[in-house]
Amino acid sequence: MAIPVPQPFYDFGGIINAVMDPLLIFGLGPFPRMELAGAALATVLAWAGGSLGVLFLLYKRQLAAFCWPGREMVRHWRALLVIGLPAAGANMMTPLAMAALTAMVARFGPTAVAAYGVGSRLESLSTMVVLALSMSLPPFISQNMGAGQYERVREAYRTVVRFVLGWQGFLYLLLLALAFPISWVFGKDPKVAELIRLFIFIVPLGYGLQGVVILTNSSFNAIHQPAKALSMSVIRFFVAAVPLAYLGGWLWGLPGFFGGVVLANLITATVAYRWFTRETA
């Protein structure tokens, strides 16, 4: 039976962040004015407070205990790290690649960087459903893989892939329809607004393909093959995205850069889909 969790624990970290941000950024009351450093400190405090709140809740409900680790616990840690370390490495690829891509965009000037920053925020909003599915698909795949229901694993994966491609295609059309209002809201400078529209016209074409890679990575983790998920992240970012974006930018400027990102998603999505279906055949 599920144990009900008090609603405040869901938002504990967010509440701390919302309270501490203005206090530390603007220096309200007895707090020093720290500006950007204050925002960073507020985030650290929020994560720390949220973590302590969760640990307290688990301990209170007897779902966790504090003790010295024995041989059995070390064995369990080792089994978790076999999956966790490669998965953590795959997650580290994203900020590293984003840093490299942002540095490449900087060659086109500050307006391009501003537009790329807005586009990155749009990407975060547009891929929320994909990220939700990447958390809900692995338990289903793991359970059926353990039960030997391989056809259900393949069908679930193919169904989710089809849905993501369709959903992201719909979102692309929606972004196209809203391209001008979005650019006017976030781009006060006409040049920035123009480049935001350029981003919207090209890059979201690859969001469905990017979703296929994300879902494949989580599915590889679900069948206890995290090294393949890490390999897919390396291929996506540093074998495909960074080189193709650089080449496209060098040949055709910023439109070529954006096109290179989309082409990289197409290549890696194709590789990811074929790789996972072959592994579960």
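I looked up the exposure of E35 and found this residue partly exposed, with a relative accessible area of 43% (buried is under 20%, exposed over 50%, partly exposed in between, with a 1.4 Å probe and protein chains only). The model is predicted: local features need pLDDT of at least 70, side-chain atom pairs count only at pLDDT 80 or more, and totals for chains, interfaces and linings use all residues. Residues are numbered from 1 along each chain as its sequence is written, and side-chain values use heavy atoms, without hydrogens and water.

I then placed E35 in the loop between α2 (12-26) and α3 (36-60); helices are DSSP runs of H or I with at least four residues, strands runs of E with at least two, numbered from the N terminus. The phi of E35 is positive, near 55°, although the residue is not glycine. Most residues other than glycine have a negative phi.

I noted Q62 next, in the loop between α3 and α4 (71-105). Its phi is near 60°, again a positive value in a residue other than glycine. Q62 counts as exposed, at 73% relative accessibility.

Of its 281 residues, 38% count as buried. The C-alpha trace spans about 65 × 60 × 30 Å along its principal axes.

I also checked contacts (heavy atoms within 4.5 Å). Among those in the chain with a separation of 6 or more, 69% join residues 24 or more positions apart.
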